[in-house]
Amino acid sequence: MIYAVSAVLTLALSSLVFFNPYAIPMCLLLKLLSIPIILYLYTAITRKMDIYFYLNLGISRNEYRFIPFVVEFIGFILFITLIGYLGNAIR
């Protein structure tokens, strides 16, 4: 669920960067502002679900919640950089 919502935002921002590579700082700021909102919605929706399986593996609740966002944000930066270079190369 986290990745689906973040992917929609990533695709929208990457289309903006493709046509205007100078919008990369604004897209990074928008992505950083969207992470707490998505995290709040994710924790509010899944609060009642059990995560005991992951806790038994030694993963803390904070790691369970924040690792997907870190991985997705690193992927976002790489994707936006690639799209920015591609947009500049096509022009």
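Tutor: Ile37 is found in helix H2. Helices here are DSSP runs of H or I with at least four residues, strands are E runs of at least two, and both are numbered from the N terminus. This is a predicted model: local features need pLDDT of at least 70, side-chain atom pairs need 80 or more, and totals for chains, interfaces and linings use all residues. Residues are numbered from 1 along each chain, and side-chain values use heavy atoms, without hydrogens or water.

The chain has four helices and zero strands. Start on the outside. Ile37 is exposed, because its relative accessible area is 52% (exposed is over 50%, buried under 20%, partly exposed in between, with a 1.4 Å probe and protein chains only). Ile37 belongs to a nonpolar surface patch of about 640 Å², together with Met1, Val5, Tyr40, Leu41 and Ile45. Patch residues have over 30% relative accessible area and no salt bridge; nonpolar side chains (Val, Leu, Ile, Met, Phe, Trp, Tyr) are joined within 5 Å, like charges within 9 Å. Helix H2, residues 24–45, gives the most to this patch, with four residues.

Now look inward. Lys31 is also placed in helix H2. Is Lys31 buried or exposed? Lys31 counts as buried because its relative accessible area is 0%.

What does Lys31 pair with in a salt bridge? The partner is Glu72, with the closest N and O atoms 3.0 Å apart. A salt bridge is a side-chain nitrogen of Lys or Arg within 4 Å of a carboxyl oxygen of Asp or Glu. The pair links distant parts of the chain: Glu72 sits in helix H4, Lys31 in helix H2, 41 residues apart. Glu72 is buried, as is Lys31. A search of the whole structure finds one salt bridge.

A polar atom of its side chain lies 3.5 Å from the backbone oxygen of Ser6. Setting aside residues up to four places away in sequence, Lys31 touches Ser6, Leu9, Thr10, Glu72, Phe73 and Phe76 (contact means heavy atoms within 4.5 Å).

Follow Phe76 next. Beyond neighbours within four places, Phe76 contacts Thr10, Leu13, Cys27, Leu28 and Lys31. Phe76 is also among the residues with the most contacts inside the largest nonpolar core, which has 15 residues. Helix H1 (2–19), H2 and helix H4 (61–90) each supply at least two residues of this core.

Technical notes
Areas by Shrake-Rupley, 256 points an atom, 1.4 Å probe, with all protein chains shown as cover. Polar contact = N/O pair within 3.5 Å; in protein donor to acceptor, adjacent residues only side chain to side chain. Core = buried A, V, L, I, M, F, W, Y, C linked by side-chain atoms within 4.5 Å.
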